[in-house]
Amino acid sequence: MSLSIFTDHSLKNYNSFGFDYRAEYFSVINSIDDLIELVAWVDVRQCSLSVIGEGSNLLIQGDVDGMVAINALKGKAFINQDNDECLFEIAAGENWHDSVYSSVQENLYGIENLALIPGSAGAAPVQNIGAYGVEIKDTLKEVQVFHRDSRTLSWVAAEECHFSYRESRFKSEWKNSHIITAIRLVLTKRVTPQLGYFQENAFASKQPSPLQVFEKVSSIRRSKLPDPKQLGNAGSFFKNPIISDEIHTKLKKVYPNLVSYAQGNCWKLAAGWLIDRAGWKGRSFEGVGVYEKQALVLVNYSEVKADNLVALQNLIIADIKEKFGVELEREPILFG
């Protein structure tokens, strides 16, 4: 057996909050052969299998039974780059931000607004990551998956993934049956910057290059968000709630400066604004807290376990519900 299997393994270095829980079994997937071997190992022992990336969107709240495997598959390639449009194929274990940088270095538009989102490329479609008016589904062509039942690889069209706001089939019915091994994005050389979520004077040119947008997004995010390597966090902790036009009208009368964005017949609220308005920004609570520069980010100052962060999450959700009548939802995936 070429695959290394560890028992009773700490997950402290595999989640960006830095909570120290244990995996019953642990391994790292460096190749498709590793993945096939791992699935066979798990099936023989009839234990569960959880495949994770960089752990930047996980809230681990307890020890994990069965096998926890890190998807470390590597490789990037631009396909048909001589055309206006080209495919960008990225293995699941590649760092997402590094992949975005690779695309803007080639002067390709499509994912530059998604710079500095932590995590791996394989995790991007699971959560349908998004920022500054762009979501991964906007450029995603297909996802390569390993089918647990047949132990085969195939490409799944983006339309089959049923993407919505921070949701996909990979979080629901495909959670235990499909393991993402690679993604393909359609990028373009045509000048198509998406600037709807930026201030009017954000760029010197009305048609900034992909690299200029990438650098602007990176600068904004660095000014607002803590580095997980310095202060444990999972980025945006709550989804921006989507409410009806009727509820939006009522809130707007009470809070004229309510931050909201039209979403068809509904409205998307800025969860960070709600939390800030409720007075949570910068508050500490039993070794955890709400980041002082961005109310949407919960941080871990000193805790080894997640109990106090979960308690803080629940307090915030209850307070926002009481003050605004709006239900917040956690963005990181609960694990353990």
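Predicted model: local features only at pLDDT ≥ 70, side-chain atom pairs only at ≥ 80, totals over all residues.

Colleague: At what angle do helix α2 and helix α4 pack?

Modeller: Look at the angle between the axes. Over 145 degrees counts as roughly antiparallel. Helix α2 (residues 96-105) and helix α4 (residues 210-224) pack at about 150°, with axes 8 Å apart. The two are therefore roughly antiparallel. The crossing of α2 past α4 is left-handed.

Colleague: Which residues make the contact?

Modeller: From α2, H97, V100, Y101, V104 and Q105; from α4, P210, L211, F214, S218 and R222. They divide into 6 nonpolar, 3 polar and 1 charged.

Colleague: Now the salt bridges. How many are there?

Modeller: The rule is a Lys or Arg side-chain nitrogen within 4 Å of an Asp or Glu carboxyl oxygen. The count comes to 18.

Colleague: What does R166 pair with?

Modeller: E135, at 3.7 Å from N to O. R166 sits in the loop between β11 and β12, E135 in strand β9, 31 residues apart. Both R166 and E135 are buried. They also belong to a salt-bridge network with K137, D138 and E331.

Colleague: And K239: buried or exposed?

Modeller: Under 20% relative accessible area means buried. K239 has 8%, so K239 is buried. Its salt-bridge partner is E167, with the closest N and O atoms 2.7 Å apart. E167, at 27%, counts as partly exposed.

Colleague: Which residue does K281 meet in a salt bridge?

Modeller: D276, at 3.8 Å. K281 is partly exposed at 33%, and D276 is partly exposed at 36%.

Technical notes: Residues numbered from 1 in each chain as written. Heavy atoms only, no water. Axes fitted to C-alpha atoms, helices over the stretch in contact; angles between N-to-C directions. Helix = DSSP H or I, 4+ residues; strand = E, 2+ residues; numbered from the N terminus. Parallel < 35°, antiparallel > 145°, perpendicular 65-115°, else oblique. Left-handed = near helix turned anticlockwise from the far one by under 90°. Contact = heavy atoms within 4.5 Å. Nonpolar A, V, L, I, M, F, W, Y, C, P; charged D, E, K, R; others polar. Buried < 20%, exposed > 50% of the residue type's maximum accessible area, 1.4 Å probe, protein only.
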